[in-house]
There are 2 protein chains.
Amino acid sequence: MKLKILSLGGIAVNKNMYVYETDRDIIIVDCGIAFPDEDMPGIDLIIPDTAYLQNKKNKIRAIFLTHGHEDHRGALPYILPNLPKVPIYGTKLTIGLSKMRVEEAGVKADWREVNYGQSISVGDFTVNFIHVTHSIPDAANLLINTPAGLIYHGSDFKFDWTPVDGFPTQVQRIAQAGGQGILCLLSDCLRVEKPGYTLSERMIEQTFESQIQKCAGKFIITTQSSNISRIQQAVNVAQRHDRMIVFAGRSIEQSAEVAVRLGYLTLPKNKIIKAEDVSRYPAGKVMVLATGSQGQDNSALARIANGEHKIKIAEGDFVVFSQDPIPGSETAVDELINTLIKAGADVFYSAILDDLHVSGHEAADGLKLMLALTSPKYVWPIGGTIKHVKQYARLAQGMGYKDSNIILPEDGEIVEFEDGKMRWGEKAEVKNVLIDGLGVGDVGTVVLRDRRTMSADGVVMVVVPVEKANGEIVGEVDIVSRGFVYMKESGELINEAKSVVQKILKEHAGKAVDFRFLRRHITDQLDEFLFKETHRRPLILPVIVET
Amino acid sequence: MKLKILSLGGIAVNKNMYVYETDRDIIIVDCGIAFPDEDMPGIDLIIPDTAYLQNKKNKIRAIFLTHGHEDHRGALPYILPNLPKVPIYGTKLTIGLSKMRVEEAGVKADWREVNYGQSISVGDFTVNFIHVTHSIPDAANLLINTPAGLIYHGSDFKFDWTPVDGFPTQVQRIAQAGGQGILCLLSDCLRVEKPGYTLSERMIEQTFESQIQKCAGKFIITTQSSNISRIQQAVNVAQRHDRMIVFAGRSIEQSAEVAVRLGYLTLPKNKIIKAEDVSRYPAGKVMVLATGSQGQDNSALARIANGEHKIKIAEGDFVVFSQDPIPGSETAVDELINTLIKAGADVFYSAILDDLHVSGHEAADGLKLMLALTSPKYVWPIGGTIKHVKQYARLAQGMGYKDSNIILPEDGEIVEFEDGKMRWGEKAEVKNVLIDGLGVGDVGTVVLRDRRTMSADGVVMVVVPVEKANGEIVGEVDIVSRGFVYMKESGELINEAKSVVQKILKEHAGKAVDFRFLRRHITDQLDEFLFKETHRRPLILPVIVET
């Protein structure tokens with residue numbers, strides 16, 4: 001029987017969401033968000049495009065989540081309301097974190113906790129969860145038995161033999177699955193550019209340990225909120241040095257709370273204090289775990305750096321960035337580092353101190369190990385951009401894979417398997433669905449283009465009052481600008497611009513006026529005039545007011 | 001006699017400009033630009049703030065340029081018109097590149113070419129040019145003899161013992177200067193976070209050589225336009241492989257032209273072709289040197305990638321990024337790499353291939369060598385942000401410098417030397433002077449704030465027509481938005497917003513209306529309404545039209 005696989009998030013690091021489809025049934029793997037680029041001003045989030053599922057809703061049988069990161073489950077609150085209420089399968093922590101967010105959004109769902117090794121049969125599919133290590137506990141790869149063959153869904157993983165929670169990647173089970181004959185491996189490829197193997201998470205504790213010994217003030221660590229193992233290591237170090245522990249920032253408080261409740265994090269209850277109580281302890285007796293590792297504007301660490309938080313920076317405080325900037329965040333992180341230094345902190349980050357962060361993704365040799373363990377007929381790199389996918393293809397070629405067995409779909413291309421062979425299916429449209437405030441998908445290219453124009457050169461409004469009856473100009477032309485020039489100091493320019501508009505109006509006086517034509521005329525001539533005078537191209541917006 | 005030194009560009013990697021001042025005389029070192037951050041939408045450039053010089057113009061005796069990079073001489077066209085016409089000293093290539101740009105801008109200047117070793121006396125100062133290697137030929141450090149003592153102005157340098165032009169850093173002269181007793185070393189610190197020494201530029205040619213042997217198609221290299229040595233190495237490789245050479249992009253064409261004319265670059269005349277002629281040669285016989293190494297939108301490489309250039313990407317073409325992204329350009333570069341791969345090119349960049357780029361700045365051990373050679377009483381790290389300056393301070397501490405001898409000024413703090421001692425002077429205001437189009441400094445915080453607001457959530461204009469005589473509302477309230485929601489699909493929201501405004505107007509009907517009050521009222525209530533409905537906060541702009 002035929003199997004179709006489609007990435008609803010396209011070729012991307014984030015917004016992971018995969019459709020597995022037979023003639024009768026569909027299962028969905030993951031439902032994640034992405035964060036916007038610089039060229040999407042004002043956008044909060046991007047979610048996958050579920051248009052493809054629109055007329056297939058009755059075929060959807062279940063959703064499977066691989067792990068609890070936002071880019072694999074963060075779109076659930078937005079997408080669940082448009083899907084039939086099907087079971088959502090995941091491991092304990094994954095379900096715990098997902099449920100929290102979905103319930104916050106007031107959405108109901110059918111949660112199903114899964115144990116590793118358990119087989120879940122839904123329609124044409126049987127899904128088995130294999131434990132893998134990653135930068136969050138309780139992460140899984142999925143072994144999916146389909147009518148067309150066995151698929152290994154190898155989303156985010158690394159081979160950490162000494163993980164903090166003592167539960168390494170189930171390498172024997174992966175090898176066993178490989179022995180059964182895997183038709184296709186979908187493999188994480190994000191870190192394919194790095195040679196060798198990714199280091200074990202456990203080494204971070206040594207780095208914290210050696211730094212805290214030099215620190216006379218507060219020891220402030222920032223990391224990804226969901227990195228429970230990192231938090232556990234920080235807590236271990238705090239306990240050894242008899243420091244009180246403060247969580248600063250909503251997302252780290254929440255994920256610690258869930259992790260403690262579900263047994264993934266052990267906190268010494270009597271050592272946890274609140275931000276407002278920090279000043280009651282000697283600085284050398286405090287550890288702060290703060291959000292803001294990507295330099296986010298409103299994060300706890302940014303507020304601490306800018307003196308807008310209950311926790312204040314003082315001479316002797318250390319701030320440790322136990323997280324590298326993700327692409328696009330470099331400038332924000334650099335700025336936060338500089339602000340913290342200016343405030344008096346000693347700041348440590350990867351460029352000046354080794355072993356402050358290890359990735360949750362496997363590097364090139366680890367990816368080869370996965371390929372060797374699963375020895376699939378086809379391999380399909382996922383979870384990366386085009387450059388990662390291309391580099392993974394080189395890696396697979398190096399291991400003897402022919403181009404015809406390396407699957408590199410374009411955005412929206414459906415991959416079909418039948419009789420042990422892969423072929424290209426139709427192409428679905430997978431757009432970026434943008435979330436801005438409460439709106440889902442209501443900001444499109446026109447709105448973004450306008451935002452970019454206004455962002456670069458501002459807006460100039462021209463108000464032309466005309467008499468409703470005969471279309472004659474009554475009263476004065478008014479010009480108002482924002483983000484263009486400082487109006488108080490540019491009176492002359494604005495007056496000249498008014499003259500340009502008045503000249504156009506005079507030319508058309510008495511003639512039958514098509515307002516659309518007039519508006520375009522004003523826009524064109526004003527654009528030309530302002531560009532000549534300023535070399536700027538603000539958005540020009542003529543408003544004709546009928547009175 | 002007292003000496004004052006002030007950085008007019010503040011603590012920064014770019015916009016280098018230093019004032020050396022005695023009671024009688026001022027000399028200026030460098031006059032560079034910086035590029036804007038993400039939070040300065042629409043800004044083209046930033047130049048140093050010369051307000052401090054405003055009432056001291058008659059003391060200015062000369063400008064000295066250390067090298068030909070934009071961040072050391074790019075602000076000349078903007079700043080020269082506001083200064084008295086004083087001599088501008090620099091080495092041959094530095095003057096050549098500066099002159100080209102300044103003349104393009106229609107500004108006249110008094111150019112003075114300097115040889116290394118030559119002493120230039122102006123007023124209280126005697127300046128000596130010492131050759132250093134950097135990512136542009138003909139770069140200098142300045143040994144400045146002042147009435148307060150000897151200052152070593154160590155802007156951008158590295159110790160390259162095998163530079164492409166065969167002219168290494170004049171290490172003996174630096175040591176000699178050190179032997180005379182240097183009061184203060186101002187030292188480049190940009191690469192202080194990297195351990196060891198920076199590699200020699202010459203190794204790049206080997207990388208080009210080994211890659212071109214694998215390339216059956218066009219061999220496209222992108223690098224910084226001013227990196228003449230890099231261009232020379234590419235040209236050498238092209239000649240060995242009998243490839244025709246194309247320069248693509250205005251800035252690389254111009255700097256190659258100047259470098260050839262002044263004898264810093266040797267091109268085989270009969271091998272240089274134009275972009276439009278590329279298709280006349282077999283792809284394997286072409287090398288392209290293109291601008292766009294930072295992913296700039298309108299660069300030749302971006303246009304090539306997007307199919308908007310005479311040079312087209314074809315299967316088999318290699319694109320080599322012989323330049324790492326500067327902070328803030330990572331995303332743009334990644335996007336360009338992905339577009340090139342999509343177009344069919346094999347793309348090579350630092351993450352997947354070693355030795356594609358070496359820096360022009362010295363790393364930690366090289367910086368220590370400079371400190372050892374000059375053995376100054378005081379050291380002042382320049383050319384970095386706060387984190388670099390702080391890390392340099394650690395480096396100097398490691399070499400035995402006491403905090404009191406490490407000078408770390410804040411933005412605008414004047415450093416004074418007298419009787420062999422340093423002390424803090426007054427604090428000058430050094431703002432960012434923003435260039436947007438033709439305007440110099442006319443975009444301030446208000447305009448930028450408006451741009452950011454509109455960039456995030458757009459603009460909503462409310463047009464209220466009132467009768468001039470009595471202030472009564474005549475006609476309909478109109479609402480126009482851009483960059484907020486797609487208006488055609490948001491009719492209901494806009495209508496409700498109109499009702500909000502009409503309700504306010506009705507409440508004030510018949511009362512004496514203060515338009516300012518009315519405007520604020522409309523703004524506040526509409527802001528509240530729109531935020532409730534959309535969680536967005538567009539810029540709200542009520543326009544009251546009197547008819």
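Good morning. In the structure shown, the contact draws 64 residues from chain A and 64 residues from chain B, where contact means heavy atoms within 4.5 Å. This is a predicted model, in which local features need pLDDT of at least 70 and side-chain atom pairs count only at pLDDT 80 or more, while totals for chains, interfaces and linings use all residues. Residues are numbered from 1 along each chain as its sequence is written, chains are lettered from A in the order in which they are written, and side-chain values use heavy atoms, with hydrogens and water left out.

The two chains, A and B, bury about 5,600 Å² between them, with 58% of it on carbon and sulfur atoms; buried area is the accessible area (1.4 Å probe) that two parts lose on being put together, summed over both. Ile386(A), Lys387(A) and Arg536(A) supply 10% of the area that chain A buries against chain B, more than any other three residues.

Between chain A and chain B there are 10 salt bridges, each a side-chain nitrogen of Lys or Arg within 4 Å of a carboxyl oxygen of Asp or Glu. One of them joins Asp436(A) to Arg536(B), whose closest N and O atoms are 3.2 Å apart.

I turn now to one residue within chain A. Is Thr291(A) buried or exposed? Thr291(A) is buried, because its relative accessible area is 10%; buried means under 20%, exposed over 50%, and partly exposed in between (1.4 Å probe, protein chains only). Among the residues that Thr291(A) touches, not counting those up to four places away in sequence, are Thr222(A), Ala248(A) and Leu301(A).
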